[in-house]
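Try each task before reading its solution.

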Amino acid sequence: MNDPAQVSAEKKRPVFLTVLCVIAFVHVGLSIVIGLFGTLTTSNPTWFETSGILDLLVMGAQEFGLFFSLIMLILSIIAFFGIIQIWNQLKIGVWTFSIPMILFVLIPLISLPTTHWFFLIPNLIIIPGLIILFIWNYRKLD
């Protein structure tokens with residue numbers, strides 16, 4: 001059954017790491033949703049004729065194209081698996097999250113004209129912060 005020595009030997013996830021993972025889940029989850037909308041709307045932009053935030057997603061899809069949306073979607077999905085690994089306290093998750101997220105920031109900076117960089121401001125703030133904080137907690141993982 002449950003051996004008390006075995007239960008106490010299991011490492012508990014620190015609260016700070018739990019909060020970081022939740023923030024990363026939300027950010028990367030939204031990136032996946034935006035990537036899905038971008039991928040769906042590049043072939044037929046009038047499919048999502050709405051007002052408000054979805055218009056921004058449609059506009060972004062028209063500007064950036066299918067290839068760009070697919071790359072960002074794939075990088076977001078890989079990073080999501082990295083967060084799951086960090087949630088399970090595996091060190092490899094820091095790398096599985098960090099490398100795609102660095103590319104997620106660098107590819108648009110390289111490929112987009114400077115007039116479209118305002119789309120990147122949240123990612124330029126949140127992603128480096130998450131990467132630094134995950135690396136800071138690297139030693140607490142198995």
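**Exercise 1.** Among contacts in the protein between residues at least 6 apart in sequence, what percentage join residues at least 24 apart?

*Solution.* This is a predicted model. Start with contacts between residues at least 6 apart in sequence; 70% of them join residues at least 24 apart. The protein has six helices and zero strands. Its pattern along the sequence reads α-α-α-α-α-α.

**Exercise 2.** Find the helix that holds leucine 130, then decide: is leucine 130 buried or exposed?

*Solution.* Step one: leucine 130 sits in helix H6, residues 121-136. Step two: check its relative accessible area, which is 4%. Step three: apply the cut-off. Buried means under 20%. Leucine 130 is therefore buried. Across the protein, 33% of the 142 residues count as buried.

**Exercise 3.** Which residues does leucine 130 touch, not counting those up to four places away in sequence?

*Solution.* With those neighbours left out, the list is Leu20, Ile23, Ala24 and Phe97. Now take isoleucine 23. It lies 107 residues from leucine 130 along the chain. Yet their C-alpha atoms are separated by 8.5 Å.

**Exercise 4.** Compare the reach of helix H4 with its expected span, and list its buried residues.

*Solution.* H4 covers residues 66-87, 22 residues in total. From first C-alpha to last, H4 reaches 31 Å, close to the expected 32 Å. Its buried residues include Phe68, Met72, Leu75, Ala79, Gly82 and Ile86; the others are Ser69, Leu73, Ser76 and Ile83. An α-helix has 3.6 residues a turn, so residues three or four places apart point the same way. After H4 comes glutamine 89, with a positive phi near 65°.

Definitions and conventions: Residues numbered from 1 in each chain as written. Predicted model: local features only at pLDDT ≥ 70, side-chain atom pairs only at ≥ 80, totals over all residues. Heavy atoms only, no water. Helix = DSSP H or I, 4+ residues; strand = E, 2+ residues; numbered from the N terminus. Buried < 20%, exposed > 50% of the residue type's maximum accessible area, 1.4 Å probe, protein only. Contact = heavy atoms within 4.5 Å. Expected span 1.5 Å × (residues − 1).
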